[in-house]
Amino acid sequence: MAFTTGYMTNTRDFGTACSNVVVNLVNEDTVNAATVTIQIFFSLVPDTKIPLYVTSVNLPANSIARRTFFIQGVLAYEVQYNVVSAAPTSVVLSNFGLDQFGNVVQEHRVLQSELTTIPALSPVV
């Protein structure tokens, strides 16, 4: 199952800009492990989608993981996830933007229910 946050504007003109995005992963399955691929794209100018990070996280059954990615200075960013598991709906995803002082930027909070399902992760070229 693949998901996206969609592109999120990251400038002070629209609130507080984020310096980091924190990705939270929870595997609620008590038997099956999961693998989550995370891709973060950014834009410095309109109409340009550039890969910034690509990583995979192995989640044992009944476990949590958190990853932090530096995004300061980007005009906009998008987080994409792909969940591979025997029970992919048991994996709960969320991400939060943090400002330069480590405070949560509420406008950059994306919970599982707010993610958009996509057919597959965008190609990284």
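Strand β8 (residues 91-98) pairs with β9 in the antiparallel sense, over three bridges. Strands here are DSSP runs of E with at least two residues, numbered from the N terminus, and two of them count as paired if DSSP finds at least two bridges between them. In β9, Val-104 is the bridge partner of Leu-98. This is a predicted model, in which local features need pLDDT of at least 70 and side-chain atom pairs count only at pLDDT 80 or more, while totals for chains, interfaces and linings use all residues. Residues are numbered from 1 along each chain as its sequence is written, and side-chain values use heavy atoms, leaving out hydrogens and water.

Zooming out, β8 and β9 belong to an open sheet of four strands, ordered β6-β3-β8-β9 with antiparallel pairing. β6 (63-70) and β9 (104-110) are at the edges with a single partner strand each, so one side of each has no neighbour in the sheet.

Now for the rings. The structure holds one aromatic pair (rings of Phe, Tyr and Trp, the last by its six-membered ring, with centres within 6.5 Å; planes under 30 degrees apart are stacked, over 60 edge-to-face, the rest tilted). The centres of Tyr-53 and Phe-69 lie 5.0 Å apart and the planes meet at 50°, so this pair is tilted. It links distant parts of the chain, since Tyr-53 is in β5 (residues 50-59) and Phe-69 in β6, 16 residues apart. Phe-69 is buried, at 8% relative accessible area, whereas Tyr-53 is partly exposed at 26% (buried is under 20%, exposed over 50%, partly exposed in between, with a 1.4 Å probe and protein chains only).
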